[in-house]
Amino acid sequence: MTTSSEKTQLVRFLPFRSVAEPSFWLDHNSRKLNELRLSEEGIPLHGFFGVTSAITKGNSAASAASTTSIPPGMRFDTSGNARRNEWIRAHGSIHSLNTIEALKRNMTVYWFAFPALSPKKGCGIAYSTTATTTTTTSSPPQIRLVDAWGAKECRNVSKCFHNLRLLHEQQQQELDDNEANYHVWCPPFFLLIPTLKDESTGNIIRKMKCLPLNKRSYDTLSDEEKDCVIFGFVDPTNNNNTTTATTTTDGTVAVGWTLRNLVAYLSLRLGLGGTDVTFLSLRLPFLRRVDSSESISSDNDDDGNNMNNSYIMDVGDEFDNNDEGVGNSLLLNIAIPLASDYKWEETDDIYTSYRCVGWELNKNNKPGPRSIDLRPLVSPSHLARQANDLNLRLMKWRALPNLDVQHLSQLKVVLLGAGTLGCSVARTLLGWGVRKITFVDSGRVSYSNPVRQSLFGIEDCKDGGKYKAVAAAESLVTIAGPDVQSEGVVLTIPMPGHSFGGGKDGAAETAAVKKDVETLHKLIEESDVAFLLTDTRESRWLPTVMALATDTPMINAALGLDSWLLHPKTQLEIALQSQRLGCYFCNDIVAPENSTRDRTLDQQCTVTRPGLAPIAASMATELCVAMFHHSLGNCAPAPEVKRDNAAAGAYTPADDGTSASSSALGLMPHQIRGTIVTYMMMTPSVPAFPSCTGCGDSVVEEYKKGGFEFVKCVCCDADGSYLEKVSGLASFREEAAKKLDECLDWDDDDDNDSDFEE
């Protein structure tokens with residue numbers, strides 16, 4: 001500490017920002033209505049802040065960016081009961097004005113300030129470059145602690161401050177509950193007496209001491225100690241911000257707002273105005289909770305007196321490069337303003353004599369009110385989503401650490417079919433947090449549907465029935481709230497063997513089908529995944545081709561009377577395996593055709609056991625989620641069947657987590673076939689058929705080139721010969737028939753020959 005010299009750069013301070021939790025405002029609004037009522041008197045308010053953690057909390061959008069650009073957060077609490085010695089608490093009050101209209105609208109407007117005494121204009125707080133006993137000659141305004149003192153002394157500072165906190169905690173245990181609740185927090189300020197060594201021998205003359213900051217502690221210091229004392233404060237700014245947005249134009253780093261009041265305290269209370277003082281901006285990586293049961297090892301001073309009001313510390317030489325995380329702390333040499341510099345007017349009224357700064361800036365970067373919208377929190381749909389998201393996060397925290405909840409919430413899913421499967425898949429997707437779902441269907445809700453299809457009710461059946469796609473989309477919003485982006489698209493999927501364009505209205509029909517094809521292609525192309533959940537075999541053909549053409553993952557689910565089939569992925573090529581996996585049509589040797597032709601009405605209806613659809617739908621959804629948690633997505637290879645499992649079923653591979661098919665949620669099979677007759681499932685892998693009418697390369701390329709014209713040729717071909725010719729299936733059958741004829745072309749003479757003679 002020296003007499004004041006010429007002032008240079010002004011100290012830049014980083015103000016607090018308020019981080020008021022919505023739950024705090026909900027609680028306070030209730031208190032205003034039920035307890036305070038018309039009273040505008042202030043009630044106690046406790047603000048608390050930490051170090052690094054206080055910077056990143058409360059603003060998720062900013063957390064993704066550099067956290068150093070975020071001012072330290074000040075959180076609020078009115079209970080006063082919690083004891084958190086890993087936080088620093090500031091005491092204040094909250095005044096509630098009588099704006100009942102705002103409470104009714106669940107909108108809260110508030111002003112926040114952390115008051116700090118300010119010197120008069122022209123008497124700002126500035127750095128001084130005069131050397132002190134703790135810095136070298138011509139030292140800069142700021143210097144990193146590890147650069148000035150080295151790693152060992154940094155460890156001394158860390159241990160010394162921790163022990164001060166521990167002593168502070170244990171002393172509060174002796175107070176009554178009210179006093180303890182008021183005092184037991186991390187001390188924001190402290191006195192630091194640095195280590196004194198003999199320059200010639202290097203022996204320690206005086207060990208480092210850490211004392212609580214108050215006038216009594218300061219007055220007990222010797223003149224020599226007062227000369228070298230450092231005034232420390234816990235800086236809530238990030239301890240790694242020396243090269244980021246908090247660096248000012250003059251090259252110095254903005255420091256914590258609390259230093260303003262510490263400088264004023266030294267000038268007005270300790271009488272240090274007009275001198276140069278060294279401060280320690282203690283920048284810790286975090287403040288951990290102190291356990292009062294920890295033991296304290298106090299040293300004795302030179303006279304044998306126990307220093308029970310301080311901590312004396314000296315650590316060994318081990319871990320020489322370890323600075324205990326405080327190496328980025330800053331030593332600041334500041335010229336303390338005179339006490340008279342703080343007095344703006346020569347009156348006895350302190351409210352007019354002294355002035356404060358510290359009002360929080362609003363979004364326009366000006367002092368003014370901020371607002372918080374509480375309406376989402378009081379919305380039942382919002383609370384329901386919070387509860388569902390909590391379930392997913394609990395799953396992530398407890399069992400599935402790699403579960404990407406955020407990614408699932410952003411998925412765009414299209415469901416082709418809004419019937420029994422479509423309704424069940426949509427409900428299960430909601431459980432996984434998926435919020436963007438589009439239904440595609442041309443049917444209407446009938447009276448037989450609600451008992452099997454969970455998104456419909458009797459009201460949807462009246463007056464001919466609502467369109468299933470529209471009714472299902474509306475039902476999802478009713479179930480999960482308006483944040484669900486659900487849409488119903490009414491269109492008919494063009495199918496092979498279902499001709500169109502004939503008759504007097506042929507042109508209009510052709511135009512309508514062309515529009516449906518374009519709409520369907522766009523929906524599939526813009527989706528992250530498509531579920532193929534239609535009734536008939538031929539209705540699956542065009543979506544399969546479109547998914548391959550647009551490289552969109554597709555999950556194909558089909559039902560029988562008591563069995564189901566799932567194809568969880570479709571891909572054109574896979575780099576990790578030599579053989580591409582097959583699609584839904586790869587096992588067929590005939591092209592899809594009109595399966596409803598020459599069938600009675602009862603034969604055209606889908607007949608399946610009621611419990612089958614929910615099983616297949618849930619399996620399809622689980623496979624979808626697993627697919628998005630595999631590094632290769634829909635190109636994940638099929639699992640290999642381990643031969644030692646043959647006894648248990650050759651089609652059922654085991655997952656030990658080492659398979660290339662394993663995802664964070666389990667294996668990614670190529671197919672799942674199940675039955676509720678024997679209650680068994682198997683997961684076969686089927687290679688792609690080169691002449692497949694669905695995924696054959698020639699079919700996909702022809703669709704890419706011809707688009708609607710290709711679709712028209714396929715659909716208007718009555719016997720399927722056109723598609724068989726394009727895919728190569730016709731040639732394959734001809735070649736197969738030729739080979740079979742060659743095998744059956746026996747020489748009758750050979751049949752009569754014998755090696756034995758009579």
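Let me start with a handedness question: does helix 17 pass helix 18 in a left-handed or a right-handed crossing?

Modeller: Happy to, and please keep in mind throughout that this is a predicted model. The crossing of helix 17 past helix 18 is right-handed.

Let's build up that pair step by step. Two packed helices are described by the angle between their axes and the distance between the axes. Helix 17 covers residues 506-525 and helix 18 covers residues 541-550. Their axes come within 9 Å and cross at roughly 50°. Angles under 35 degrees would count as roughly parallel and those from 65 to 115 as roughly perpendicular, so helix 17 is oblique to helix 18.

Now for the side that each helix brings to the meeting. Helix 17 contributes V517, L520, H521, I524 and E525. From helix 18 come L542, P543, M546, A547 and T550. Sorted by class, the contact between the two helices has seven nonpolar residues, two polar ones and one charged one.

D551 has a phi of about 55°, a positive value although the residue is not a glycine. Its relative accessible area is 58%, and exposed means over 50%, so D551 counts as exposed.

Follow the chain into strand 26 and you come to L559. With a relative accessible area of 27%, L559 is partly exposed. Setting aside neighbours within four places in sequence, L559 is in contact with L421, W564, T608, L612, A613 and A616. The C-alpha atom of L559 is also 9.5 Å from that of T534, 25 residues away along the chain.

On the helix 18 side, M546 is one of the residues in the contact with helix 17. G707 is found in the loop between helix 21 and helix 22. At 17% relative accessibility, where buried means under 20%, G707 counts as buried.

Helix 21 runs over residues 697-706 and helix 22 over residues 708-715. Their axes come within 6 Å and cross at roughly 125°. That angle makes helix 21 oblique to helix 22. V699, E702, Y703 and G706 make the contact from helix 21, with F708, E709, F710 and V711 on the helix 22 side. Five nonpolar, one polar and two charged residues make up this contact.

Stepping back, here is the setting. The protein chain has 25 helices and 31 strands. Of its 758 residues, 47% count as buried. Among contacts with a separation of 6 or more, 76% are between residues 24 or more positions apart.

In soluble globular proteins, nonpolar side chains tend to be buried together. In this model, the largest nonpolar core has 67 residues, and F231, L259 and F279 have the most contacts inside it. Leaving out neighbours within four places in sequence, L259 touches F13, F233, F279, L332 and I334. A second, separate core has 50 residues, L533, V625, A636 and I672 among them.

F233 also leads us to P188, whose contacts beyond four places in sequence are I88, G232, F233 and V234. P188 lies in the loop between helix 7 (177-183) and strand 11 (189-193), and is partly exposed at a relative accessible area of 27%. The C-alpha atoms of P188 and P212, 24 residues apart along the chain, are separated by 9.4 Å.

One last stop goes back to the theme of D551. N365 has a phi near 65°, again positive in a residue other than glycine. You will find N365 in the loop between strand 20 (355-359) and strand 21 (370-373). With 57% relative accessibility, N365 counts as exposed.

Technical notes
Residues are numbered from 1 along each chain as its sequence is written. This is a predicted model: local features need pLDDT of at least 70, side-chain atom pairs count only at pLDDT 80 or more; totals for chains, interfaces and linings use all residues. Side-chain values use heavy atoms; hydrogens and water are left out. Axes are lines fitted to C-alpha atoms, for helices over the stretch in contact, and angles run from 0 to 180 degrees between N-to-C directions. Helices (H or I, at least four residues) and strands (E, at least two) are DSSP runs, numbered from the N terminus. Angles under 35 degrees count as roughly parallel, over 145 as roughly antiparallel, 65 to 115 as roughly perpendicular and the rest as oblique. Contact means heavy atoms within 4.5 Å. Ala, Val, Leu, Ile, Met, Phe, Trp, Tyr, Cys and Pro count as nonpolar, Asp, Glu, Lys and Arg as charged, and the others, Gly among them, as polar. A nonpolar core is a set of buried Ala, Val, Leu, Ile, Met, Phe, Trp, Tyr and Cys residues joined through side-chain atoms within 4.5 Å. Buried means under 20% relative accessible area, exposed over 50%, partly exposed in between (1.4 Å probe, protein chains only). A crossing is left-handed if the near helix is turned anticlockwise from the far one by less than a right angle, and right-handed if clockwise.
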